[in-house]
Amino acid sequence: MGGANTIYFAYGSNMCAPRLKRRTASARFVSIGRLDQYSLRFHKLGLDGSGKADAYYTGQDEDHVWGVVFELNQSDKQVLDQFESLGVGYDQKEIFVDTLEGSTIQATIYCARSEAIRRELNPFSWYLWFLISG
């Protein structure tokens, strides 16, 4: 994995590799991963008014978020930041992900900003399809 590249943990619609590749051509699959002490929630307010995925920190050992680890070049990471509304809807966070191969990888994720959380939201079915296909 290159030093200038970003290791990114996708847990929402970006797990769907074809969707992510349309946004970031350099995206390369690294592994399937598990993020401990986080829970998958659909409470992040999307631009379309629906609930988008959030890896929400709970601190509880029984909570896990499964996702996909990708490697992106820096210019594509900047494009992804725009798609994810970095600084508006999501903040960036560095976390450690356990891979299926038994290693631990440091990766970047997007977590919902507190002002973007609306607990009453639901995701659209097309959005869930991207998660399931991912």
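Strands here are DSSP runs of E with at least two residues, helices are runs of H or I with at least four, and both are numbered from the N terminus. With that in hand, select F29, which sits in strand β2. You're looking at a predicted model, where local features need pLDDT of at least 70, side-chain atom pairs count only at pLDDT 80 or more, and totals for chains, interfaces and linings use all residues. Residue numbers start from 1 along each chain as its sequence is written, and side-chain values use heavy atoms, leaving out hydrogens and water.

Colour F29 by accessibility: it is partly exposed, at 47% relative accessible area (buried is under 20%, exposed over 50%, partly exposed in between, with a 1.4 Å probe and protein chains only).

Next, go inside and show the largest nonpolar core, with 31 residues (buried Ala, Val, Leu, Ile, Met, Phe, Trp, Tyr and Cys joined through side-chain atoms within 4.5 Å). Among those with the most contacts inside this core are Y8, F9 and I109. Strand β7 (104-112) is one of the elements giving two or more residues, and β7 contributes the most, six.

Now click on Y8. Beyond its neighbours within four places in sequence, Y8 is in contact with residues including N14, L20, F70 and Y110 (contact means heavy atoms within 4.5 Å).

Last stop: helix α3. Pick out its buried residues, Y127, F130 and L131. They lie on the same side of α3, because they cover an arc of only 100° around the axis (taken from the directions from the helix axis to the C-beta atoms). The buried residues of α3 pack against α1 (17-23), β3 (38-45) and β4.
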